[in-house]
Amino acid sequence: MKVRQFHVVPRLPQLLRPLEILAKNLWFSWNWEAVRLFLRLDPVTWEKAYQNPVAMLGMLPPETFEEAANDDSFVAELERVYENFSKYLSAPTWFQEAFPDDQKLQVAYFSMEYGLDEGLPIYSGGLGILSGDHLKSSSDLGIPLVGVGLLYQKGYLRQVLNLDGWQQEVYPDNDWYSMPVTLERDAAGNPVKVFVDLLGQPVYAQVWRVQVGRTPLYLLDTNLPENPPEHRHITDQLYGGDRDMRIRQEIVLGVGGVRALAALGLHPTVYHMNEGHSAFLALERIRNLVTRYGFSYKEARELVWATNVFTTHTPVPAGNEHFDPELVRKYLEPMAREIGLSWEEFLALGQEIPGSSPTYCMTVLALRLSAFCNGVSKLHGKVSRNMWKNIWPGLPEPEIPIGSITNGIHTRSWISHDLANLFDRYLGPKFVEEPADQRIWERVDLIPDGELWRTHEIRKERLIGFVRRRLRDYFRRQGASLRAIQEAEEVLNPDVLTIGFARRFAAYKRADLIFKDPERLIKILTDPERPAQIIFAGKAHPQDTQGKEIIRKIIRYARDPRLRNHVVFVEDYDIAVARYLVQGVDVWLNNPRRPLEASGTSGMKAAANGALNVSVLDGWWDEAYRPEVGWAIGSGEVYDNPEEQDYVESQLLYNLLENEIIPLYYERDKSDLPRGWIKMMKASIKSLAGYFNTHRMVREYTERFYLGAHRTGEKLSQDNGAPAKELAAWRDKVAAAWPQVRIQADGEVPEEVHTGDGFPVKAYVTLGDLTPDDVTVQVVIGPLDSDFNIVEPHTQDMEFVEQKDGTAIYATEVQCTHSGRVGYAVRVLPHHENLVHPYTPPLVTWEE
């Protein structure tokens, strides 16, 4: 049967046409005034449309639009909101004003998922939420950035719990024509399409755009009739399918994404890989330079390496993306030939230890082909340097070129509109425009305690009302008894201390830790004078049986008659559920196994809304915690025995609840205000909201990574890439001569030195075929551990003095600034003015 397609769009009166524009720009998702317009039209349809304004406009009858068009107050409010939207798009931005000489910067940001709004379900969890917040802050700051991802026909799983509490998954189809996405078309009006080669067969993808304020997000879609069925489904599900499907998805994302940008006429100067899924983009960029512009592989690699940024999010080796080498060979051997590499050389790019690692790791590929690399918290940066040190043999661990930029949240997207109104009155409107300005958050102390507490109570009441509705709907769908449905209307109490725990249900996150001693927990929660209650939410990966078992375990506890009104699990965790939770709970609980939480951002969202965090010192909380802003479970210990860790940390958690958290919450003054609790709320907001936000984070990426990569790329691209080609030739010369390089120190080191004193160090360097201009000679000094290794090393460049008989002489004065057992060593590194850093590939010679 032949089906002819066409698209029906709602007919809006002329006065309401701005609604269509607002609905198609995700700016509405972080501007309550825009959301309120759609709510005014029809709040019931807004919820039925899953808070998707495009779908909502298509569901409303013409009479609703006519009524709104005849409502002067609605039209006036629409005009005001649309004027604010237009001003937002045209106003000068931070980037324009701060970097007028770098306006040619163009960043391409690649991610496997984006969590922008509940009405666009192409995300699974924290990685996607972070990506979405990155785009929103890039828009606010005016960073010239575009996003690239995949448009998943079925998105990520919708969680359905059966009566036994076991997670089942459903995958409803997304209707792109009823969502805030637009098909990109060329000048002739045809859809923009690109192709990638899979097993000698072209697989096509069309390009859709999501507008996120000023920032466009381009999404590739392979669900096209010209593709065979097995390839049409490549963009079917996020994180779905087997390993073969996953590698095809990542080829479409990385290779197809680069080609899509070219087809759109975009020429990014910097590429940012958010996690390793998109690392094939580096190979495609090299292939372009080799096949189109005549570069050699080594010449192309110089330019690509210097302009790639890579962010790793996974603190355990097994959690990174690994492929069987034969699967990689199946799809990518033709690319290896095109860029001029043997299969062994190509395989080595993705092997932690070339020639011996059993898998091809996308994280390793990204690390090897990116000059700018980072973890997502200070602790995660340290963990990553230890985890990937084999890629840089010979370098002290602190110098492994993986830094850290701590994650944040897009503040305006996550603060409740009630609290935002309060902030607007006492902090001023700049808390929206400049959330990274710490001086603004100092004004939190100006908010009267009573007003802050009443606002919090309103949000808690809304949270509990939302949870009751969700629970009632669940029981109705399951055909539960009328009594069970009625009981659902009475769960939770807005006057009781409320704890929230919501995240992906993976074993290391230990959602069930608080149930380690059920009887003690029951006693805590059901105390007649000072009760408490816990709201859980979260999904397990479809193949994670252990995570599903934890969900079922918690639901069974929630059905214990003693806990029925104290423990609730909310089905189908998503952005909407997350907002209600972080905006309404009193305490946010997080207890992963340290150091397996790379960052975590849900606690940041809760903190910005006045909730207090109680968490293991892992991820972001390791650098955020202070006693006046929340509570720490333990002191950052790492255990060899998981059972011992679970026992010890569960007991610490119970102790905190019994002795500190619950008593403080119920300690009230004559006005029934918990003054001590409110004091901590204010301290938490004041201390954390100004730093743990994506405005600060994106500015860091811009100032530390994007601009450096852009400027280096501009330099290396001059004269058809002549500087990049010269740099590649220099590397070859240095690599060939490096085995001849030797260094020996000559300096009398007194047995005892006083702080503030110094002593001279001289080094004699055999350079072979190299010159002093080709190297940097350094002293590395720092305290010694029990194995006589230098920890917390400080480097100091030595000055070239002269060259005698083929030996270069260097000298410096070493200053002693700290007491204790200290050691120093001397070394030689390559040096070139166009190197971003000298550690890739790792050539370093130490004194033997």
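**Notebook: cavities, a pocket and a sheet**

I began with the largest cavity and found it lined by Ser416, Leu419, Leu452, Thr455, His456, Arg459, Gln583, Asn609 and Met681. For the term, I work on a 1 Å grid over the protein atoms alone: a cavity is a set of points where a 1.4 Å probe fits but cannot get out, and lining residues have an atom within 4 Å of a point. The model is predicted, with local features needing pLDDT of at least 70 and side-chain atom pairs counting only at pLDDT 80 or more, while totals for chains, interfaces and linings use all residues. Residues are numbered from 1 along each chain as its sequence is written, and side-chain values use heavy atoms, with hydrogens and water left out.

I looked up the volume of the largest cavity, which is about 40 Å³; a volume is the space filled by probe spheres set on the points, and grid points are joined across faces, edges and corners. Helix 21 (residues 449-477) gives the largest share of this lining, four residues. Helices here are DSSP runs of H or I with at least four residues, strands are runs of E with at least two, and both are numbered from the N terminus.

I then turned to the second largest cavity, with about 30 Å³ of space. Its lining consists of Asp140, His410, Thr411, Arg412, Phe431, Val432, Pro435 and His695.

Next I checked the second largest pocket, which holds about 1,100 Å³. A pocket is an open set with protein on both sides within 12 Å along at least five of seven lines. Of its 34 lining residues, Tyr88, Pro429, Val432, Glu433 and Glu434 are the closest to the centre. Helix 6 contributes the largest share of that lining, four residues.

I also followed an open sheet of four strands, ordered 24-23-27-28 with antiparallel pairing. Strand 24 (794-797) and strand 28 (845-846) are at the edges with a single partner strand each, so one side of each has no neighbour in the sheet. Two strands pair if DSSP finds at least two bridges between them, and two bridges join strand 27 (residues 822-830) to strand 28. Arg827 stands opposite Trp846 in strand 28.

Last, I noted the whole protein. I read 30 helices and 28 strands. Buried residues, those under 20% relative accessible area (1.4 Å probe, protein chains only), make up 59% of the 848 residues.

Note on methods. Buried < 20%, exposed > 50% of the residue type's maximum accessible area, 1.4 Å probe, protein only.
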